[in-house]
Amino acid sequence: MLDYVAVTTAGAKFQNKKIKDYIAFANPEQGEFTVIGTKETLALKEAVFLNGLNAHALDFDDGTNSGIIHLGSPIFSLLLPLAQRYDVKIEDMLKAAVIGYETSYTMAVSIQPGHKALGYHATGTCGVLGAAIAASYMLDFSEEERYNAFAAACVSATGMLKVLDDGSELKPYNVAKAALLALTSIQLAKAGFKGHPDPLGGNRGYFRMMTGKEDIELKPVVLNGTYAIQKTYTKPYASCRYTHPSIEAVIELRNEYGLTAGDVESIHIKTYSLAVSGHDHVDILGSYSAKMSIPYSAAAGFLYGKAGLQEFSEAGVQDKVVLDLTKRVTVVPDEEISAAFPAVQAAVVELKTTDNRTLEKRVDFPKGEPENPLSDEEFKERYHGLMDYAGIGREAGSRIFDTVYRENVSVREILELFITERQEPADE
């Protein structure tokens with residue numbers, strides 16, 4: 001939850017002008033529900049939608065490689081406003097979130113990677129299922145109501161990966177509409193609308209629609225003995241997870257050999273095939289394009305020894321030095337590395353120096369993976385960095401952080417802190 005609220009608060013800062021323009025044109029109904037990271041309190045549907053839009057704006061939210069899905073952003077975007085409405089305790093909301101994570105992940109891991117190969121964004125298509133089930137548990141729906149909510153969410157499921165291409169800024173829209181459609185699904189279920197008795201199967205069911213196949217094996221819950229929430233990564237770098245092994249490898253080479261951009265003749269990266277398509281571009285059209293580019297991410301990581309929010313800001317991605325180094329980076333799929341994915345998310349970086357040395361570094365589990373997690377201290381520093389970026393200082397950020405861990409705290413109490421501690425951000 002702390003990962004979600006920090007990322008979403010920073011995302012609202014990053015998109016501040018766009019959110020203001022959206023509100024000015026849409027003239028949304030005012031209400032009592034907190035839009036995290038802003039001073040806005042809007043109607044329930046608007047809060048759910050804008051939370052989702054801001055949660056994925058930085059592509060910094062948690063997820064899993066095996067499911068190829070961001071898990072928390074659709075789920076918490078819906079749960080937090082609903083918990084605010086019904087005065088839910090944080091422990092009850094978090095229990096529902098665990099169930100939602102398990103739902104989204106189980107669905108995603110059952111249909112990947114073929115689902116992605118067809119052009120679908122599982123955060124939208126499977127995220128709506130997890131968010132609907134999480135909300136239905138948190139609000140104590142009956143078994144029949146939960147089933148109908150799931151069936152309605154199956155009808156709603158949508159999300160395309162075309163949003164990654166050619167400078168598009170619509171990737172966060174997949175999260176926003178997943179959260180909103182999940183809300184609509186539980187509302188339909190509570191109203192008594194019945195779903196199909198088998199929304200997943202058959203020649204017109206969810207599986208066929210999302211994979212082109214009917215004979216899909218639904219994976220068991222708690223796959224391999226761990227909950228989905230235990231399988232998630234937390235990002236230390238502000239870009240697509242597919243870029244992280246390469247970023248980490250070039251940073252290690254830079255630090256180990258004391259290299260500068262002038263020492264680099266070329267950087268050649270071998271990684272798994274799913275990470276290459278759509279992520280190997282060297283023409284950077286803006287911040288969103290940079291976040292999806294392995295060459296840019298590696299170049300930024302090498303130059304600065306980090307790859308945080310500043311390195312992917314609109315101003316940062318216009319830096320001529322990093323753009324020049326980006327042109328010297330090539331990315332290719334490797335058969336052996338591809339075969340090991342998703343159990344191992346590897347990249348091998350071969351850096352050729354101007355004095356004819358070839359330096360190599362392999363990273364199998366980049367920082368933030370369950371196999372290589374952030375320490376408590378590293379997580380807290382990341383949290384504060386995001387909150388600082390959003391205009392919430394250390395003292396105020398610590399109050400929010402500590403309140404989450406108090407017993408018998410309601411979600412309303414936490415969201416009230418976001419309003420009282422929030423400073424109006426400058427446009428990004």
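## The second largest cavity

About 70 Å³ of space lies in the second largest cavity. This is a predicted model, so every value here has been computed from it.

Who surrounds this space? The lining takes in His 56, Ala 57 and Asp 59, then Val 163, Leu 164 and Ser 168, then Lys 171 and Pro 172, and lastly Tyr 288, Lys 291 and Met 292. Two helices, α10 (171–190) and α14 (287–291), each give at least two residues to the lining of this cavity. Sorted by class, the lining has six nonpolar, two polar and three charged residues.

## The largest cavity

The structure holds two cavities of 30 Å³ or more. In the largest cavity there is about 210 Å³ of space, and 19 residues line it. Nearest the centre of the largest cavity you will find Ile 68, His 70, Lys 171, Cys 240 and Tyr 242.

How many residues of each class make up the lining of the largest cavity? There are nine nonpolar, six polar and four charged residues.

## The largest pocket

Now for the open space. The largest pocket holds about 650 Å³, and its lining counts 28 residues. Met 1, Leu 2, Asp 3, Thr 234 and Phe 379 lie nearest the centre of the pocket. By class, the lining of this pocket splits into 17 nonpolar, six polar and five charged residues.

Which helix supplies the largest share of the lining of the largest pocket? That is α5, with four residues. Helix α5 spans residues 90–111, and it is one of the helices that each bring at least two residues to the pocket lining; the others are α1 (2–14), α4 (72–86), α18 (376–390) and α19 (394–404).

## Strand β3 and its partners

Let us turn to the strands. Strand β3 covers residues 264–271 and runs antiparallel to strand β5, residues 347–353, with seven bridges joining the two. To find this pairing in the model, look for Ser 266, which stands opposite Lys 352 in β5.

Strand β3 also pairs with strand β4, residues 329–333. Do β3 and β4 run parallel or antiparallel? They run parallel, joined by five bridges.

Technical notes. Residues numbered from 1 in each chain as written. Predicted model: local features only at pLDDT ≥ 70, side-chain atom pairs only at ≥ 80, totals over all residues. Heavy atoms only, no water. 1 Å grid on protein atoms, 1.4 Å probe; cavity = no way out; pocket = protein on both sides within 12 Å on 5 of 7 lines; lining within 4 Å. Points joined across faces, edges and corners; volume = space filled by probe spheres on them. Nonpolar A, V, L, I, M, F, W, Y, C, P; charged D, E, K, R; others polar. Pairing = 2+ DSSP bridges.
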